[in-house]
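Hi everyone, thanks for coming.

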Amino acid sequence: MKVAGFKRASRSVSYSRRWGEGRQKVDFELIVRPRYASDSIQVSLSVSFVHASISDVARRMLPEGAEDVVRNDVVERSVLDQVMRNPSVLVFRNECELRDSVNILKSWINSSIVPYMDARSSVEGLVGENVRSLMGNMGDGFARGPRPVVLAAMQKFLGCSDDALAILEFSYPPDTLERTYYSRAFRELIQSGH
């Protein structure tokens with residue numbers, strides 16, 4: 001992690017590095033005695049992008065009471081399954097298994113985590129990856145949820161309000177419940193002159 005520019009505070013299981021005005025984080029979580037393996041400890045991993053200015057924009061755009069979407073200024077969080085394809089559940093029961101787990105974690109970090117974070121090393125990079133992902137998943141019939149609003153907030157932060165409005169229009173078609181629910185995002189962009 002150090003080679004990739006990440007630092008960790010003593011006694012912490014989180015690594016972070018600068019990301020413009022914000023931070024990229026890699027969080028390790030130890031789940032003691034999970035239900036499916038009561039004699040084990042599971043290692044879980046997630047990555048997040050933290051940016052106070054973007055989360056402020058997002059809070060103004062999200063529906064009243066939905067501001068928790070960007071709690072602690074986290075504008076995006078991805079669990080390991082979203083970063084790499086079909087990772088195994090990593091559990092250990094003893095020191096030997098722990099050493100094996102560390103080697104697996106190092107492999108995951110080098111092959112998937114750091115490249116994922118590097119591809120999103122700027123707000124522009126994160127926006128580009130998110131737009132590609134959103135467009136690739138359209139037409140699947142699923143509700144979009146708040147993700148397009150946060151993406152639009154990132155675009156507005158970058159000064160691309162027309163692109164932000166286009167993402168909202170694309171994600172929440174007219175006459176849908178989500179369009180009504182996320183109407184505050186549309187109003188925020190229109191009132192600010194895009």
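Let's start with helix α1, where R59 and D56 sit three residues apart, about one helical turn. Helices here are DSSP runs of H or I with at least four residues, numbered from the N terminus. Before going on: this is a predicted model, where local features need pLDDT of at least 70, side-chain atom pairs count only at pLDDT 80 or more, and totals for chains, interfaces and linings use all residues. Residues are numbered from 1 along each chain as its sequence is written, and side-chain values use heavy atoms, leaving out hydrogens and water.

Back to our pair: the side chains of R59 and D56 meet in a salt bridge at 3.1 Å, N to O. That term means a side-chain nitrogen of Lys or Arg within 4 Å of a carboxyl oxygen of Asp or Glu. The structure holds 15 of them.

What does R60 meet? Its side chain forms a salt bridge with E188 (3.5 Å, N to O). R60 belongs to α1 and E188 to α8, so this pair ties together parts 128 residues apart in sequence. E188 is buried at 18% relative accessibility, while R60 is partly exposed at 39%; buried means under 20% relative accessible area, exposed over 50%, and partly exposed in between, using a 1.4 Å probe and protein chains only.

Now helix α6, residues 161-171: its buried residues are S161, A164, L165, I167, L168 and S171. Down the axis they fall within an arc of 155 degrees, so they line one face of the helix; the arc is taken from the directions from the helix axis to the C-beta atoms.

Methods
Helix = DSSP H or I, 4+ residues; strand = E, 2+ residues; numbered from the N terminus.
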